[in-house]
Amino acid sequence: MSTSPTFTLDGREIPFEAGQTVLQAALTADVYIPHLCYHPEFKPHGSCKVCTIKADGRHVSACTWPARHGMVVENATEELDDLRRTLVQMLFAEGNHFCPSCEYSGHCLLQAVGYDLQVETAGFRHFFPVRPVDASHPEVWLDLNRCILCELCVRASDEVDGKHVFGLSGRGAGKHLIVNALSGRLADTDMAATDKAAEVCPVGVILKKKAGFRVPIGERPFDREPVSAQAARYAPRPPARHREED
Amino acid sequence: MSIASPAPQPAAALGAILERHDRRPEQLLQILREVQEHLGHVSDDIQAHIARELHLPLTRVRGVVGFYAFLSATPWGRYRVLFSDNITDRMQGNMDLLDHLCRRLLLEPGHPSEDGLVSVDTTSCTGLCDQGPGLLVNGRAIPAISRERLDLIAELILEGRPVTAWPAELFAIVDNVCRADMVLDNDLDPGDAVRAALARGDMSQVEQAANTRSWREANVAPPQGPLATLNEIRSANLRGRGGAGFTTAYKWESCRNAQGEQRYVVCNADEGEPGTFKDRVLLASHADLVFEGMTVCAYVVGAGRGFLYLRGEYRYLLGALEETLARRRRDHLLGRDILGTPGFSFDIEIHVGAGAYVCGEESALIESLEGKRGIPRNRPPYPVTHGYLQRPTTVNNVETFCAAALIAAHGGDWYRATGTPKSAGTKLMSVAGDCARPGIYEVPFGTTVAELLAMSGAEHTQAVQISGPSGTCIGPDEFERRIAFEDLATAGAFTVFDESRDMFEVARNYAHFFAHESCGFCTPCRVGTTILAATMDKIHDGHGTPYDLEEIATLDRVLNQSAHCGLGHTSCNPTLDTIKRFRPAYELHLKDLDFEPAFDLDGALRRARQMTGRDDPGAHLTTEPES
Ligand SMILES: Cc1cc2nc3c(=O)[nH]c(=O)nc-3n(C[C@H](O)[C@H](O)[C@H](O)COP(=O)(O)O)c2cc1C
Ligand code: SF4
Ligand code: SF4
Ligand code: FES
């Protein structure tokens, strides 16, 4: 008789398969851990830190931390949620997020996680960075004001599309998204609206043109249910080229 | 060569550089660094050319150029002057000196002169704190900057004399060894340690090491060869000198037991922690000992290739280091079948960094060695199993390798006899700041802070920053504490502040250091260090309130709990330590008000005043109560 290995998360037993991380195992079991830079079809990245948990007393990123049998994980504690609220406030402060006018409102993971954690104040003085909008491409536009630097578009373009359309340059607070063209314009890259990279952005940076506000308010993914009730939607799966429309 | 010969053609220089590096993507950073050195910048067109030649996307090349402080896509001028901006440089008046030079050259800091001749700016600590203030001209280090020396430098620049033809005495950097012990006074000749390691037994276990899970299982006979030396390292109780104090024998053993067809030994000579300069002295005057330790390590773990990752600021040591390597190859201390031992082959390549403190973090260092942006990796897996090119890799500090060489030569018992029971051997301390005799003090572990202060002639000491900004700041009530892993663990910086110093300004300088050096990978550090630096500036400008101190405590918690690497974890240390121990220094800068709007009304009008050229009272707004 063989029983699959398990760990406990806030007292609940979570089974896992060899090689899974804590976040992957939890989402597979339909248990939610807040996350932003993780995507079910990609190798975890570990940069947003919103998934920070305590595993056997140690703060680690749930998305990259390997699950181990018998591990004791704390997740939905006030201490951790407080930490996550601060991280979300930091991301809002760092970019320019004007949700009411953003087409991705209601679809946006940053907004959804913010609502879910009840982030009610700005917390920090906003940076108001000057970031350009790139509308050069006929099918796709980039509003870099909203970029949270999760690198999902970079990973999708590298690993699935094989095009290397996106990359990062600068460092520290000067880190920013770049595209693969000498001119620096999206129009001069190989980007196509059908690329995987066009559909992975968790926030409203990479948007398809001629398709704005398609889903009516009230029916958008996070209008229906808070993100914390949709854990299974993020269970790891192999990369698919076309996502069903949300 | 005739005087009329044309300047080197960019294309030819570029071709030669690409050729020398075999157009390998792992060499990207080295290629870019050399192009920068030759041409003064790496233009967009050249970046595109390099991308094509290396079969890399342009984004990859641009990402690297944008990451390292010593690379740039636009020209910085034929002369690039960078003033070291550590707190010790500040204390020695580097800002006045920078102003002085800018006035002589008629330019503003940060902006190249109109004729493209020269630019002047600041950079993170250049490791010359014992003979500061320091600066770099086109990457070459100049110590002990004074007005007189700057006047000479200004003349040389205006005259257009190539830096290679500047008077040698400008570049004379001394060791300043004030106390030597087992490492700095070592009696080893090149090859002694390697010979001693080889004499402990034959090579039969080198091959076995590679593919057995544990040498303990595979070998019942008393340890010979590499294992015998590993045992000496273990019994010496050697711990890493790079900061974390990891047990060296355990690291070497894990690397030796890891599966992989090729293993690597990496010497971490990035020495970026402000106030640390002991590796500079080891590399300048004891390079054989460093390479010896690396070779012993290669023998123990079964590595065939090694790298020395030299921080860009120490570029001036490159020539001498390469010569030492060449001599060691001639003496069969490197290369194939070292000292005639069949199968023991190892060679060392030097990679030069390009201005990024985070590359001292071992996994970021490995990324940098692979020619990428220096972003710390997700761990596990650790470098001992998945390091350079995902193969088993041992990374150690320069000083750790020196100690390892001594242990290989003299044995673990001999080594352990110095120091404390928990901290064996000696520690090289980089003493700088307010003391009569700054320099290198090699002291046995267990030496107290007070003893070091007395040795270096420090008086009226208010505080000592141990191990740089990522370490601990202590006041006089703690000066009886000991330099040791069990008390004050340190990578070697020992920066002294006397009673005349404003400890708030010390912390503010360090806050800017972290914000400047954050790699930007993770949210807490990228955003948190920026907010911290801005908050410290706000307090400095007289707009701080107790609320800001609370915010700093929040930032500290967030960084500690969630940052991706040690840089973020420790970035609030100097601020918190100084708030805890020197609160009055902060309170002097704070407003009495409980709350001060973050928005500065008068400050917001600054641009308008500049544009209109007005500065009369009517052009100012005030939130101060009328008195
Ligand atoms: C931000 C950061 C910077 C570091 N810089 C250095 C450095 O300059 N030199 C060094 O030896 N170790 C540095 N370290 C520590 C290394 O990651 C690593 O622990 C060390 O090189 C291991 O060598 P050791 O075991 O011999 O100490 C740094 C760590 C961090 C987090
Ligand atoms: S554009 Fe979107 S997917 Fe790409 S890094 Fe920014 S937030 Fe992430
Ligand atoms: S803590 Fe700072 S330096 Fe370290 S990975 Fe995060 S952003 Fe980079
Ligand atoms: S989801 Fe784990 S760090 Fe972003």
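Mentor: Let us begin with packing, where contact means heavy atoms within 4.5 Å. The buried residues of α3(A) pack against α2 (78-94) and α5 (221-224) of chain A. Helices (H or I, at least four residues) and strands (E, at least two) are DSSP runs, numbered from the N terminus. This is a predicted model, in which local features need pLDDT of at least 70 and side-chain atom pairs count only at pLDDT 80 or more, while totals for chains, interfaces and linings use all residues; side-chain values use heavy atoms, with hydrogens and water left out. Residues are numbered from 1 along each chain as its sequence is written, and chains are lettered from A and ligands numbered from 1 in the order in which they are written.

Trainee: Why is helix α3 of chain A described as largely enclosed?

Mentor: Buried means under 20% relative accessible area, exposed over 50%, and partly exposed in between (1.4 Å probe, protein chains only). Six of the eight residues of α3 (residues 109-116) of chain A are buried, so the rest of the structure largely encloses this helix. Among the buried residues are L109(A), L110(A) and V113(A). After α3(A) comes Q118(A), with a positive phi near 55°.

Trainee: What area is buried between chain B and chain A?

Mentor: Buried area is the accessible area (1.4 Å probe) that two parts lose on being put together, summed over both. Here it is about 3300 Å², with carbon and sulfur atoms giving 58%. On the chain B side, T59(B), R526(B) and Q561(B) lose the most area to chain A, together 20% of what that side buries. The contact involves 43 residues from chain B and 43 residues from chain A.

Trainee: Which polar atoms lie by the oxygen atoms of ligand 1?

Mentor: A polar contact is a pair of N or O atoms within 3.5 Å; within protein, one must be able to donate a hydrogen and the other to accept it, and residues adjacent in sequence count only if both atoms are side-chain atoms. A side-chain N or O atom of K251(B) is 2.9 Å from an oxygen atom of ligand 1. A backbone N or O atom of E271(B) lies 3.0 Å from a ligand 1 oxygen atom, and for a polar backbone atom of G272(B) the distance is 3.4 Å.
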